[in-house]
Amino acid sequence: MAGIDSRMRAVAELPERPAHGVSWPIYGWLFHMEIAGQGGLFSNNGNGRTGRSTRLFIDSPEMLNYVRWWQGMHDSGYYHYTGEPRDYFAAMEAFARREVAFVVTIIAVGQLMGDMAAEAGFELVVGHLPRYNELSSPGGPVGGQSFFLTAGLPKEKEDGALAFLQHQLNPQHAVARMYDRRCR
């Protein structure tokens, strides 16, 4: 198993260190990134590219590598779990309170993070994700909340799917999903 991220060790050695090195929400795209970074697949049929996916590989060696590494980060006190899956805001708030040295979040809240850092009196710097290993990289993070409309649908289904996508992509609805904790 890969070792603890060197940045976490460096934080642990600081004289006035925060309680934890990093926090991030339990969110699917992090798993996707790490599985891809290890050259693994998340589902059968080439992640659904060569046929419909019918099985997720939640027990793959790549998934288990990542989960064991993450568990080790938590057991060592480097990773701070907020107590709620998908809880970007509690992780960001712990960062603003200086309880964690790093926070992993989404670019959609970049301005909010900058404002939180300024209010807390420190400079916000963007960096790389803590990773299971640095041997390979899947590239940049996936662009979340992407929707695609399948070509060749019957007109009635296409119209319904398009209406659904327009509803989901409406800026007011996107903001409500991001900022209203009741939506999670």
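**View 1. Helix α2 and the glycine that comes after it.** Just after α2, G39 has a positive phi of about 80°. This view, like the others, shows a predicted model. Helix α2 spans residues 28–37. The helix is mostly covered, with seven of its 10 residues buried. Those buried residues are W29, L30, F31, M33, E34, I35 and G37. What lies over them? The cover of the buried residues includes α4 and α5.

**View 2. The largest cavity and its lining.** The structure has one cavity of 30 Å³ or more. The largest cavity holds about 50 Å³ of space. Which residues line it? The lining is made of W24, L30, M33, E34, Y66, V104, L129 and P130. Helix α2 gives the largest share of this lining, three residues. Two of the lining residues are L30 and M33, and both are also on the list of buried residues in α2.

View 3. Helix α6 covers residues 110–120. Its buried residues are M113, M116 and A117. Why do they sit on the same side of α6? They cover an arc of only 95° around the axis, and therefore share that side. Now look at the face of α6 turned away from the buried side. There the exposed residues are Q111, A118 and E119. The cover over the buried residues of α6 includes α5 (88–96) and β2 (100–103). After α6 comes G121, with a positive phi near 85°.

**View 4. D59 in a loop between two helices.** D59 sits in the loop between α3 (44–48) and α4 (61–75). Is D59 buried, exposed or partly exposed? With a relative accessible area of 46%, D59 is partly exposed. That class lies between two cut-offs: buried is under 20% and exposed is over 50%. F42 and D59 are 17 residues apart along the chain. Their C-alpha atoms are separated by 9.8 Å.

**View 5. L165 in helix α7.** Helix α7 takes in residues 155–169, and L165 is in it. L165 counts as buried, because its relative accessibility is 11%. How far apart are the C-alpha atoms of L165 and L149? They are separated by 8.2 Å, while the two residues are 16 apart along the chain.

View 6. The protein chain has eight helices and two strands. Starting at the N terminus, its elements run α-β-α-α-α-α-β-α-α-α. The chain has 184 residues, and 30% of them count as buried. Consider the contacts with a separation of 6 or more: 65% of them come from residues 24 or more positions apart. The chain exposes about 11,700 Å².

Conventions. Residues numbered from 1 in each chain as written. Predicted model: local features only at pLDDT ≥ 70, side-chain atom pairs only at ≥ 80, totals over all residues. Heavy atoms only, no water. 1 Å grid on protein atoms, 1.4 Å probe; cavity = no way out; pocket = protein on both sides within 12 Å on 5 of 7 lines; lining within 4 Å. Points joined across faces, edges and corners; volume = space filled by probe spheres on them. Helix = DSSP H or I, 4+ residues; strand = E, 2+ residues; numbered from the N terminus. Buried < 20%, exposed > 50% of the residue type's maximum accessible area, 1.4 Å probe, protein only. Arc of directions from axis to C-beta. Contact = heavy atoms within 4.5 Å. Areas by Shrake-Rupley, 256 points an atom, 1.4 Å probe, with all protein chains shown as cover.
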